[in-house]
Amino acid sequence: MGKKVNQFIWSTASAVLLVLATSPTVMGRCELSHCGDLPSSGDGCMAGTEEIFREPCKTSWGTQGHTAYCCPKNSTESLLSSMYGAEINEFPHMAMLTKGGGFACGATIYNSRYILTAAHCVVDAESGYVDRPDRIGIKVGRNVAKIQSSTNDYHVEQVIVHENYKGLRKFARFGIMQSGSYNDIALLRLDRNIEFGEQVKSLQVAPKGLDELSREH
């Protein structure tokens, strides 16, 4: 990446990171139904539960199917999921950063090859060393992390942490790591281009000069 590209990305990243807190989480008593053919109308969940939403998935034999997100009827989980859970395709720019296959942090699709996340998600707090790329995975295009979709799972080939993030090893004093949230930004380069579609899109960054224009009015 050239110097100008780096400057543009770091200068706009602070605003972009605000969306990371919107990533939905799966409630404790809610479960996913088996991936397969669900009824086109009605509820795809078992008795005693209700369908909150459904998403496309790939069955164990490789065909396209659907899975339903089911919560106990009239439960707090059902109410919260219905009121505050993300709608399908509502946040197509969101991504999930995984370590060891499990959730680690929220992230944002910056473009077809780069993911934006917080530096503290990829820098060890005790040692100050940056995580190896092969320890990090990226999932996109789903509301529920448990849904398996190999086409929307990506490997990371490069981790780029802001050079002035104080949590890095080079800023340690007498072996003690510094704390702070300044420059808490990192880019992850994927091993292949993201396949964009209705459920997967990059974040639309405001054009240069938009802030200056809004101040004039």
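Which residue of E9 does Gln158 stand opposite? In this predicted model, the residue opposite Gln158 is Arg189 in E9. The pair belongs to a contact between strand E8, residues 153–161, and strand E9, residues 186–190, which are joined by five bridges and run antiparallel.

Strands E8 and E9 take part in a closed barrel of six strands, whose order is E4-E5-E6-E9-E8-E7 and whose pairing is antiparallel. In general, the strands of a sheet pair through backbone hydrogen bonds, and the arrangement may be either parallel or antiparallel.

A further set of three strands forms an open sheet, also described by antiparallel pairing, in the order E1-E3-E2. Strand E1 (31–32) and strand E2 (49–58) are the edge strands of this sheet, each pairing on one side only. Strand E3, which comprises residues 64–72, pairs with E1 in the antiparallel sense over two bridges. In this pairing, Cys70 of E3 is the residue that Glu31 stands opposite. On the E2 side, nine bridges join E2 to E3, and these two strands likewise run antiparallel. Here Glu50 has Cys71 in E3 as its bridge partner. Strands E2 and E3 form a hairpin with five residues between the strands, and within this hairpin Gly62 takes a positive phi near 90°. Strand E3 is mostly covered, since seven of its nine residues are buried.

Attention then turns to charged side chains. Side chains of opposite charge can pair when their charged atoms come close. A search of the whole structure finds seven salt bridges. One of them joins Asp153 to Lys139, with the closest N and O atoms 3.3 Å apart. The cut-off for a buried residue is a relative accessible area under 20%.

Another salt bridge links Arg135 and Asp131, whose closest N and O atoms are 3.1 Å apart. Arg135 has a relative accessible area of 37% and is therefore partly exposed. Asp131, by contrast, has a relative accessible area of 10% and is buried. Both residues also belong to a network of salt bridges in which Lys99, Asp131 and Arg135 are linked.

A salt bridge is also formed between Asp134 and Arg132, where the closest N and O atoms are 3.0 Å apart. Both of these residues, Asp134 and Arg132, are exposed.

Note on methods:
Residues are numbered from 1 along each chain as its sequence is written. This is a predicted model: local features need pLDDT of at least 70, side-chain atom pairs count only at pLDDT 80 or more; totals for chains, interfaces and linings use all residues. Side-chain values use heavy atoms; hydrogens and water are left out. Two strands pair if DSSP finds at least two bridges between them. Helices (H or I, at least four residues) and strands (E, at least two) are DSSP runs, numbered from the N terminus. A salt bridge is a side-chain nitrogen of Lys or Arg within 4 Å of a carboxyl oxygen of Asp or Glu. Buried means under 20% relative accessible area, exposed over 50%, partly exposed in between (1.4 Å probe, protein chains only).
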